[in-house]
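Biologist: I am new to this kind of picture and would like to learn how to read it, one feature at a time. Please give me the general idea before each case.

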Amino acid sequence: SPTKEFDNLKMNNLLRHTDSEVRCWLAKALVFETNSRIAVEYLIRLARDDSADVRLEALDSLCAFACVDSFSALCAALKDSDILVRSIAAYGIASTGKVISPIQATEILNEAVKGECVDRVLVNMYEGLYILGNKSVITNIFMLISSEDYHVQAALLHAGDHQSSGCKGRI
């Protein structure tokens with residue numbers, strides 16, 4: 001229909017907008033899209049944006065959609081170059097993976113922990129594993145308590161704050 005084509009054109013213009021703040025706001029707003037299939041499709045595109053801030057917002061919004069496509073996008077984000085993006089991806093994998101496939105989510109996070117060297121990200125990975133039922137990782141979390149890195153301390157402080165929507169409180 002002409003209206004649908006016009007809406008797609010507007011959305012594509014927003015997805016390609018030159019201002020990353022506009023794309024960030026779009027990622028935040030897509031949580032409220034009534035058609036979750038469309039929202040996830042657009043958020044996945046934003047999760048591959050050049051801007052780390054846009055990717056972060058897109059992944060945070062994807063946490064609200066527990067579906068295979070959002071889970072896959074969160075898994076792919078574990079390889080992102082940005083620390084915050086990897087952190088939110090780890091928590092998002094746990095929150096969506098709990099619904100999609102707890103066993104697969106656990107395997108993915110266990111594998112990711114082996115290659116992660118940033119303590120701040122490890123806190124979120126261990127918390128994700130804990131949420132998925134691996135209570136033994138609490139030892140790994142306690143080992144990070146002695147870190148003098150403010151960001152690690154803040155992540156540890158917020159570990160366990162299970163917010164009802166989004167993942168941003170995890171980083």
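Modeller: A polar contact is a pair of N or O atoms within 3.5 Å, where within protein one must be able to donate a hydrogen and the other to accept it, and residues adjacent in sequence count only if both atoms are side-chain atoms. Helices are DSSP runs (H or I, at least four residues), as strands are (E, at least two), numbered from the N terminus. The model is predicted, with local features needing pLDDT of at least 70 and side-chain atom pairs 80 or more, whereas totals for chains, interfaces and linings use all residues. Residues are numbered from 1 along each chain as its sequence is written, and side-chain values use heavy atoms, without hydrogens and water.

Biologist: Which residue caps the N-terminal end of H4?

Modeller: Ser-51 does, with a side-chain oxygen 3.3 Å from the backbone nitrogen of Asp-53. At the start of H2, a side-chain oxygen of Asp-19 comes to within 2.9 Å of the backbone nitrogen of Glu-21.

Biologist: Which residues are buried in helix H2?

Modeller: In H2, which spans residues 20-29, Arg-23, Cys-24, Leu-26 and Ala-27 are buried. They lie on the same side of H2, because they cover an arc of only 160° around the axis, taken from the directions from the helix axis to the C-beta atoms.

Biologist: How many salt bridges does the structure hold?

Modeller: A salt bridge has a side-chain nitrogen of Lys or Arg within 4 Å of a carboxyl oxygen of Asp or Glu, and this structure holds 5. One of them joins the side chains of Asp-49 and Arg-23, at 2.7 Å from N to O. Asp-49 is in the loop between H3 and H4 while Arg-23 is in helix H2, so the pair ties together parts that are 26 residues apart in sequence. Asp-80 also forms a salt bridge with Arg-55, their closest N and O atoms being 2.7 Å apart. This pair links distant parts of the chain, with Asp-80 in the loop between H5 and H6 and Arg-55 in helix H4, 25 residues apart. Asp-80 counts as buried because its relative accessibility is 14%, and Arg-55 does so at 10%.

Biologist: What is the nearest side chain of opposite charge to Arg-120?

Modeller: Lys and Arg count as positive, Asp and Glu as negative, while His and the chain ends are not counted. Arg-120, in helix H8 (residues 119-131), is buried yet has no salt bridge, and Asp-149 is the nearest such side chain, 6.0 Å away. Contact means heavy atoms within 4.5 Å, and beyond four places in sequence Arg-120 is in contact with residues including Ile-83, Ser-87 and His-151.

Biologist: Which residues have the most contacts inside the largest nonpolar core?

Modeller: A nonpolar core is a set of buried Ala, Val, Leu, Ile, Met, Phe, Trp, Tyr and Cys residues joined through side-chain atoms within 4.5 Å. The largest one has 51 residues, and Leu-46, Leu-109 and Met-125 have the most contacts inside it. Apart from residues up to four places away in sequence, Met-125 touches Leu-78, Ala-90, Leu-109, Ala-112, Val-113 and Glu-116.

Notes. Buried means under 20% relative accessible area, exposed over 50%, partly exposed in between (1.4 Å probe, protein chains only).
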